[in-house]
Amino acid sequence: MIKYSQLKHAGRFQQIIRALIRNGFGFFVQKIGLFNEIPGLQRMRVKEKQPHKSTEERIRILLEELGPSFVKLGQIASTRNDIFPPALIQELEKLQDHVTEFPLDEAQKVFETEMGEPLSTYFASFREQPLASASIGQVYRAETHDGNAVAVKIQRPGIQRKIEIDLDILHELAGLAERHIHGLQRYHLPTLVKEFSKMIRRELDYTIEGRNTEKIYQQTAEDPNVYIPAIDWRSTTQRVLTMELIAGKNINQLDLSSISSERRRHISEIIANTLCRQIFIDGFYHADPHPGNIFIMKDDAVAFLDFGMVGRLNSDLRASLAKLVMGILRKNTDEIMYAVGKIGNMPPGINRPALKKEIEEFQDLYFSTALQEIQFGKVINDLLSLIGDFDIEIPHDITLVAKSLVTAESLISTLDPDISIIEVVEPLGPEILRQHYSVKRMKRNLHSYALEYMDIIGDLPDTIKKMTATMEKGKLHHDVEIPEMQLLGIRVSQAANQLSLSILLLAVSFILGALILGITLGAPDPSGLLQLPVLEIGFILFFLLFAWAMISILWKRKKQ
């Protein structure tokens with residue numbers, strides 16, 4: 001059992017343990033073996049501080065009491081509908097930072113430490129009162145010497161050190177909990193804390209946020225309805241971020257009663273289209289699109305801010321997600337099952353019939369009304385929760401998409417309750433699949449597969465030599481009779497047949513793929529050879545080879 005004296009950061013550890021007990025989680029401290037290790041705990045009454053509050057509510061209060069690191073942990077945990085129960089998710093979504101502003105002189109010290117020069121070197125004016133204050137930093141209004149209005153975000157002094165200490169403790173607590181408390185293993189707490197640590201460390205590096213902002217700018221540069229602020233890299237470091245100040249109001253500041261329904265719908269459509277294209281087409285998206293991060297400018301252009309938290313989806317995940325979405329829209333259980341298998345990591349002994357039955361019941365529950373009336377983000381969230389009940393591991397990238405869609409839908413509904421994200425997502429399905437099966441992507445995949453199989457073929461002679469040498473070393477011969485040997489031989493023969501067929505099909509696929517690419521991407525052929533019916537001949541050849549292989553396999557089976 002771990003000793004308190006062996007723990008790193010013992011003082012902060014004791015604060016956390018005492019907060020757990022004050023909020024009625026003394027049983028947790030006892031289970032992980034620390035109740036008798038920390039001095040003075042025995043005198044504390046192990047009971048709920050607010051007995052009339054639910055467990056989920058007390059968890060939220062505990063996280064808020066413990067500060068920024070734990071609030072961030074809860075906010076990230078709120079995206080994991082596939083792991084945590086709905087009641088806890090709903091409570092974690094209410095988490096708020098309770099922070100006080102830090103004085104300007106401390107902000108100046110951070111800036112001067114980072115830049116090596118005072119504020120006056122970079123700014124003609126710098127407002128003393130911050131525009132906003134959060135757990136990690138504060139934002140100030142300033143003006144550069146060339147007359148540009150900018151927003152300057154300065155990190156809270158000492159916050160990196162505090163967060164690193166809390167991350168160490170969280171790793172320790174997660175490991176203790178998983179080892180000592182039965183049933184917590186399914187929540188993968190150490191993995192969740194590791195995931196959280198990576199995300200919060202990215203948020204602590206403002207240069208990452210700057211690069212994220214520029215990447216989103218490149219994705220939306222051709223859309224006149226979307227505005228992304230420019231980063232001033234002259235005064236941006238890991239702890240200082242300077243960007244163009246947006247002239248406009250965020251969604252929370254708008255007087256919606258003074259905006260016509262046509263304008264509200266126009267703004268809603270811009271937000272929905274932008275976020276959906278970022279998720280499903282670009283695979284790089286704003287993961288925290290709450291009302292405070294979206295500004296409406298004078299010409300009704302929509303400005304997106306704060307790219308400290310972004311999501312990433314590679315092309316395979318985007319295609320699988322598209323298939324899931326299309327399966328939902330078509331109410332096709334088999335398509336949904338297939339997409340779930342591609343997205344998640346299914347355990348070996350999963351009960352597929354039971355999963356299929358649950359998905360069918362899920363569809364009956366949600367799709368008895370018109371699609372336009374359905375909250376699409378909630379559908380995805382609840383489906384992921386259902387999948388989690390079968391211990392299917394879903395990548396955090398996918399759960400973050402669901403969380404972003406829920407946040408976006410909530411925001412959009414305040415502007416125009418009649419608009420549905422489904423109306424935006426549905427037309428994107430074919431475009432995503434075209435992107436996934438594009439000639440460019442096929443060419444890249446064929447190149448990768450060719451290199452991989454060339455390595456295998458290149459290593460084959462050496463492998464055969466080693467096997468032969470090993471067999472030649474055997475000087476003694478034993479006659480051993482194994483009753484199951486005949487059955488084993490049949491199975492080996494069947495496996496060899498299947499392997500031969502697979503290699504044959506793969507070879508033909510490569511040839512046809514090369515021909516298609518040659519015809520599609522190649523230069524005009526003056527000889528006219530490429531005008532021949534190459535594909536038709538190829539498919540006839542493929543059919544004849546396939547028929548020959550199948551007859552050969554069936555003949556061998558008959559002999560056996």
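T242 is buried, at a relative accessible area of 0%; buried here means under 20% relative accessible area, exposed over 50% and partly exposed in between, with a 1.4 Å probe and protein chains only. This is a predicted model, where local features need pLDDT of at least 70 and side-chain atom pairs pLDDT 80 or more, while totals for chains, interfaces and linings use all residues. Residues are numbered from 1 along each chain as its sequence is written, and side-chain values use heavy atoms, with hydrogens and water left out.

You'll find T242 in strand β6 (residues 240-244); strands (E, at least two residues) and helices (H or I, at least four) are DSSP runs numbered from the N terminus. A polar atom of the T242 side chain sits 2.8 Å from the backbone oxygen of S235. Setting aside neighbours within four places in sequence, T242 is in contact (heavy atoms within 4.5 Å) with F123, V150, A151, V152, I231, D232, S235 and T236.

F123 also turns up among the aromatics. The structure holds 6 aromatic pairs, meaning rings of Phe, Tyr and Trp (its six-membered ring) with centres within 6.5 Å; planes under 30 degrees apart are stacked, over 60 edge-to-face and the rest tilted. Here are two of the pairs:

| Pair | Centre to centre | Angle between planes | Type |
|---|---|---|---|
| F111 and Y122 | 5.7 Å | 80 degrees | edge-to-face |
| F123 and F126 | 5.8 Å | 50 degrees | tilted |

F111 belongs to helix α6 (residues 104-115) and Y122 to helix α7 (residues 119-122), so their pair ties together parts that are 11 residues apart in sequence. Both F111 and Y122 are buried, and F123 and F126 are buried too. One aromatic cluster takes in F111, Y122, F123, F126 and Y140.

Now for the second largest pocket. It holds about 900 Å³ of space. On a 1 Å grid over the protein atoms alone, a pocket is an open set of points where a 1.4 Å probe fits, with protein on both sides within 12 Å along at least five of seven lines; lining residues have an atom within 4 Å of a point. The volume is the space filled by probe spheres set on the points.

This pocket is lined by 29 residues, with F28, I59, F84, L88 and L189 nearest its centre. Helix α3 gives the largest share of the lining, 6 residues. Elements supplying at least two lining residues each include α1 (10-22), α8 (159-180) and α9 (189-204). By class, the lining has 26 nonpolar, 2 polar and 1 charged residues; Ala, Val, Leu, Ile, Met, Phe, Trp, Tyr, Cys and Pro count as nonpolar, Asp, Glu, Lys and Arg as charged, and the others, Gly among them, as polar.

Conventions. Polar contact = N/O pair within 3.5 Å; in protein donor to acceptor, adjacent residues only side chain to side chain.
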